[in-house]
There are 2 protein chains.
Amino acid sequence: MNPYNKEYAIARDENDPLKQFRTRFVNPDPELLYLDGNSLGMLPADTARHMDQVINNEWGKGLIRSWNTGWYERSAELAAQLAPLIGAQPDEVMIADSTSVNLFKLAYAALHHQKGRKGIVSDQLNFPSDIYVLQGLVELFGNRHKLRMAQSADELSVTMEELEKHLSDDTALLTLSYVVFKSAFMYDMKAVTALAHEKGAMVLWDLSHAAGAVPVHLNESNADLAIGCTYKYLNGGPGAPAFLYVRKDLQEKLKSPIQGWFGQQNPFAFNMEYQPATGINRFLAGTPPLLSVSALEPALQLMNEAGIQNLRKKSILQTNYLISLAEENLVPLGFALASPKDEEQRGSHVSIRHPEAYRICKALIDPHTGRKAVIPDFRDPDNIRLGVAPLYNTFLDIFEAVMELKLIVEQELYNKFPLTRETVT
Amino acid sequence: MNPYNKEYAIARDENDPLKQFRTRFVNPDPELLYLDGNSLGMLPADTARHMDQVINNEWGKGLIRSWNTGWYERSAELAAQLAPLIGAQPDEVMIADSTSVNLFKLAYAALHHQKGRKGIVSDQLNFPSDIYVLQGLVELFGNRHKLRMAQSADELSVTMEELEKHLSDDTALLTLSYVVFKSAFMYDMKAVTALAHEKGAMVLWDLSHAAGAVPVHLNESNADLAIGCTYKYLNGGPGAPAFLYVRKDLQEKLKSPIQGWFGQQNPFAFNMEYQPATGINRFLAGTPPLLSVSALEPALQLMNEAGIQNLRKKSILQTNYLISLAEENLVPLGFALASPKDEEQRGSHVSIRHPEAYRICKALIDPHTGRKAVIPDFRDPDNIRLGVAPLYNTFLDIFEAVMELKLIVEQELYNKFPLTRETVT
């Protein structure tokens, strides 16, 4: 069968052992190709039903009593469901706050623990707001730390040699995105962690673009700390609460800078002296936003039901398929692949570049074409990210999206959009 | 008419100009008297409908596009609806994070701004976790600050003289709960703020037990900073996102310690150097939990529709009524009033004390009595808080709750409950 035609895509979908999971999501519009699960995951059908129950029964009927019949434990219980997806023990993970706040808490904790050391290492490919948090911490600690950024020679990836150049016996913390947001480059977590540990540095991984997309092996890699969001591949909903991971043996040694209500040993004793909770709970701050927290439950169940190994297997097939279609159809039109070709070094999205990327995205999303709309996301200056969420994306989604890209560039359909930038997804 | 009988309560309800608002809430159980709106407000009927729309349409159908059609602005728009309830300008308030995290951010900002000063003043009646956050900040700033706690002679209130004793030219920050959590004592915000300003100290008010319960006059009092929760009298739902207030002229002078994604000037430029947003936005950290944020919309609309002045008027009538019933029926049975008698110094809950308070609460809540269950909350060691939420509580609720308390103590019905403490709301 010709791998570049539609029948091939349809056949692949028919043979997909995970195909039934697509029906477990609310499908917004059959004329929409949603390739942005790397920004906001789709709505699981069970979530809509579950939230109705949480709002009407737990809040409406149970009222304050629901704190004692499930709400207090909910963040920890959902963290335990997340744990196997990231290779951690249930008592090493907690649902809490936002990614930025969790990064702040854990990076603070690491720098405080490693007081004698003044180096912080990250890389040029990390998500900018992770760098903002680190810049804020440098200032907070009195501008005595030096933030060093490993560079990327190819704008896709960072080599071990480059990382090693920036690490020294003075490095307190190395913090990286496990899967980087633009290119989807994925580090060798075990090797990088070992390299940092050799120098005595702690390692904090941002798993935002990895959790639910690739199996993460925090324990096996002996990672110290991790954080991540749950609204991308984990389908927790817009701004869904984030997670944090602290390796078991470190928990009692580290402290959160935010000594809040939920991180106290026994909040209802109303003592006036803060006593951190034992275990992972000490990294909680205030009362969790229970509606948003609760939306994670059906989403994580769905993930565990599908199995992260199965999802990864499908994701690799799909991203390889996307790359081969792009090479056949898009590269000749001036696109360049902006993700690693080696599947072992790639997460579950594929970036392509084009000088007209901004207007091409506008044309893809435009609902007035009479064709299917495609939702990717655009990242300055010339990057189109195509997210593959194996839980609901089909091979046909990928085929049709590539054909749309081809058509738009061949016929220069992007020309009708202004060059002026507005926010695109 | 005898003010101590049921007919009187019913007549008061009939004449209540706000009586229709009770029907705007999901009523969990006609056999339940809910006097705990000071811990978790009831579910507005509109909220259940609104959340269905947010989940199914905005998330399910709109997907990532909903960020550009309302989600980005939502926290600020809801903050603007909250602003009139606390006497602030719309651009001085933001919905964000939890109360603990907001207190951390703003208290940090104040201490950083007032670098030369080493005093922090609070009081013994403040909510313990506010003190935990301050203790954490003292440590974070290198244990160079001294946290001084104004004392309460009567366990109800703190005098201006007592506050003055702790303030000095070295005080960086005075932070208090405007309405304190146990006794409902309410400070004179204007006088206290002026006193602190005389010494050059900044003032941060925790409005958690005040917002939606009493009109707050932040601007009129020239308050510097404020924070508060939205799940009590504001009916935002369990763990609903908190708010923060920074007076306009201070916004550009202060910085948040958490330099997150949403506090950046232009997040989508993906610059690698943090540039704080102008205005109140710079005090945002990460992506807000949109489902929980959205639940605030119908709740705040309801508040503004009723009008905070009208609510306060009714609240005063109701808390005075509760106190007079308690004096007639409960004080002779060994109860003591644990809230100020003067309505000008009292929020919207009334605390009573009894040596058997813990077991009395157990008996009140017990659903197996064949009588109406009453939900108050219990605060160690001997405090029963009766929250009056004028938006939905009736005079009859209050009458019947007092009669239940009377019956339980007269007949020693609490004796069947063990003395061993578990968590009680």
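Colleague: Which residue stands opposite Ile120(A) in strand 4 of chain A?
Modeller: Keep in mind that this is a predicted model. Strand 3 (residues 119–123) of chain A pairs with strand 4 of chain A in the parallel sense, over five bridges. In strand 4 of chain A, the residue opposite Ile120(A) is Leu147(A).

Colleague: Which strands are the edges of the seven-stranded sheet?
Modeller: This sheet of chain A is open, and its pairing is mixed. Its strand order is 2-8-7-6-5-3-4. An edge strand pairs on one side only; here these are strand 2 (93–95) and strand 4 (146–150) of chain A.

Colleague: What angle does helix 4 of chain A make with strand 7 of chain A?
Modeller: Helix 4 (residues 99–113) of chain A packs on this sheet. It touches strand 5 (171–177), strand 6 (202–206), strand 7 (225–228) and strand 8 (243–246) of chain A. Compare the direction of helix 4 with that of strand 7 of chain A: the angle is about 165 degrees.

Colleague: Which strands does helix 5 of chain A lie across?
Modeller: Helix 5 covers residues 128–140 of chain A. It runs at about 165 degrees to strand 3 of chain A. The strands it lies across are strand 3, strand 4, strand 5 and strand 6 of chain A.

Colleague: Which residue of strand 10 of chain A stands opposite Leu337(A)?
Modeller: Turn to the open sheet of four strands, with the order 9-10-13-12 (chain A) and antiparallel pairing. Its edges are strand 9 (336–337) and strand 12 (377–379) of chain A. Strand 9 of chain A pairs with strand 10 (residues 349–353) of chain A over two bridges. Opposite Leu337(A) is Ile352(A).

Colleague: At what angle does helix 10 of chain A run to strand 10 of chain A?
Modeller: Helix 10 spans residues 308–329 of chain A. It lies across strand 9, strand 10 and strand 13 (383–387) of chain A. To strand 10 of chain A, it runs at about 20 degrees.

Colleague: Which element gives the largest share of the side of domain 1 of chain A that touches domain 2 of chain A?
Modeller: The domain assignment gives domain 1 (6–44 + 307–416) and domain 2 (48–304) of chain A. Their contact takes 28 residues from domain 1 and 25 residues from domain 2 of chain A. On the domain 1 side, helix 10 and strand 10 of chain A give two or more residues. The largest share, four residues, comes from helix 10 of chain A.

Colleague: Is the crossing of helix 2 and helix 9 of chain A left-handed or right-handed?
Modeller: Helix 2 (residues 45–62) and helix 9 (residues 296–306) of chain A pack at about 150 degrees, with axes 8 Å apart. The contact is made by Asp46(A), Thr47(A) and His50(A) of helix 2 and Glu297(A), Pro298(A) and Ala299(A) of helix 9 of chain A. The crossing of these two helices of chain A is right-handed.

Colleague: Where is the cis peptide bond partner Pro381(A) placed?
Modeller: A cis bond joins Asp380(A) and Pro381(A), with omega of about -5 degrees. Most peptide bonds are trans. Pro381(A) sits in the loop between strand 12 and strand 13 of chain A.

Colleague: In which loop is Asn235(A) found?
Modeller: Asn235(A) is not a glycine, although its phi is positive, about 60 degrees. Most residues other than glycine have a negative phi. Asn235(A) is in the loop between strand 7 and strand 8 of chain A.

Colleague: What kind of axis relates the two copies?
Modeller: Chain B superposes on chain A by a rotation of 180 degrees, with 0.0 Å of shift along the axis. The RMSD is 0.0 Å. The copies are therefore related as by a two-fold rotation axis.

Colleague: How many nonpolar residues are on the side of chain B that touches chain A?
Modeller: Here 68 residues of chain B are in contact with 70 residues of chain A. Helix 2 (45–62), helix 4 (99–113), helix 5 (128–140) and helix 9 (290–294) of chain B each give two or more residues. This side of chain B has 22 polar and eight charged residues, and its nonpolar residues number 38.

How values were computed: Residues are numbered from 1 along each chain as its sequence is written. Chains are lettered from A and ligands numbered from 1 in the order in which they are written. This is a predicted model: local features need pLDDT of at least 70, side-chain atom pairs count only at pLDDT 80 or more; totals for chains, interfaces and linings use all residues. Axes are lines fitted to C-alpha atoms, for helices over the stretch in contact, and angles run from 0 to 180 degrees between N-to-C directions. A crossing is left-handed if the near helix is turned anticlockwise from the far one by less than a right angle, and right-handed if clockwise. Two residues are in contact if their C-beta atoms, placed from the backbone, lie within 7 Å. Two strands pair if DSSP finds at least two bridges between them. Copies are superposed by least squares on the C-alpha atoms of residues with pLDDT of at least 70 in both. Domain bounds come from an automatic or database domain assignment. Ala, Val, Leu, Ile, Met, Phe, Trp, Tyr, Cys and Pro count as nonpolar, Asp, Glu, Lys and Arg as charged, and the others, Gly among them, as polar.
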